[in-house]
Amino acid sequence: MGVWKAMTGQPSRNRAEDSAERIRIDNVSIDEFIRNRRLRGKTPALYRYILHEFARFVEVNVFNDAIKAADSYLDMKCQNGTRYTTANLYASILQSFFRHALKMPDAEIADIQPSSKDKQETKDRKIDLLANRDDLIKIFHFAQGEQELLLACLLITTGARITEIQKLQYYDIMFYSDNLVVVDFMNEKQVDPDARKKVPISDPEIIKTIYQICKDKPPKEFPLNVSTTTLRNWLNDMAKRAGIDGQRIWPHLYRHSFITAMVKGGVNIARVQKMAGHSNLQTTSNYIDLDEEYINQPLPPIIKKAKGE
């Protein structure tokens, strides 16, 4: 059975003929596409979720053009709070589906992407939140239980990726004094599986909190060795208690905040690159390509402490 079909039940002959008919994508075709792509790990589940949701979307809204249907679907996701980078991932899934299952040429499917308006709105939201770093730090005071509290501490002070926090163990947190803790992360983006990056923490209140959670703990499963979805849900819960819209905050925003604040505070960019775990210095520089008004704001106290002032 064809994937791109006129509702006669016959496989498509060409896109021009199909464009006069209603689009429908059947579940069997989606499953066949995923099976033929030989996807591994969690990827098949993500593909299946997006494609089934897209199929329901075109069924309800009735489209006769696949590209318009895809663009409308992506716009709907962005309007409902999906970040631009995530919407880009969804676009790549739809492009792959259209290319391999619908046999559409690359020249056509290249137009399937979130609009520039969605990208600008995401950037504006990021600048707005970064400019109010106090809002990001506020979650610390609304954490409930050791797991949320430890997550808040690490998000605020390390700039680590959520997957790096997820893989921490107790022995990765080294206490040197009341004023210095070093967290030894596995660097997710390096080719070398043993690549590590060390991030110092010098905020006394954060250090005291981490010590109370981690002291005298047996070498068993670390409190944050859960799924990244669970970690994100904990962050959303803290944000809601703090009065912050959960759609306006996400783990990687803390990474942006950490890196931009370090550079803004005068920390050598090469050192920031090392703490961030970037293989390319240009990547670090991209994090500070933000609104000039934000760059010129006073340095928050927690970042001054990180500089050792």
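User: What should I know before reading the model?

Analyst: Residues are numbered from 1 along each chain as its sequence is written. The model is predicted, local features need pLDDT of at least 70, side-chain atom pairs count only at pLDDT 80 or more, and totals for chains, interfaces and linings use all residues, while side-chain values use heavy atoms, without hydrogens and water.

User: Which residues of helix 14 are buried?

Analyst: Buried means under 20% relative accessible area (1.4 Å probe, protein chains only). Helices are DSSP runs (H or I, at least four residues), numbered from the N terminus. In helix 14, residues 269-276, the buried ones are Val-272, Gln-273, Met-275 and Ala-276. They line one face, because they fall within an arc of 165° seen down the axis. The arc uses directions from the helix axis to the C-beta atoms.

User: What lies at the ends of helix 14?

Analyst: Asn-268 caps the N-terminal end, with a side-chain oxygen 2.8 Å from the backbone nitrogen of Ala-270. Just after the helix, Gly-277 has a positive phi of about 80°.

User: Which residues of helix 13 make the contact?

Analyst: Pro-251, Tyr-254 and Phe-258 do, against Leu-155, Ile-156, Thr-157 and Thr-158 of helix 9. Contact means heavy atoms within 4.5 Å.

Methods
Buried < 20%, exposed > 50% of the residue type's maximum accessible area, 1.4 Å probe, protein only. Helix = DSSP H or I, 4+ residues; strand = E, 2+ residues; numbered from the N terminus. Polar contact = N/O pair within 3.5 Å; in protein donor to acceptor, adjacent residues only side chain to side chain.
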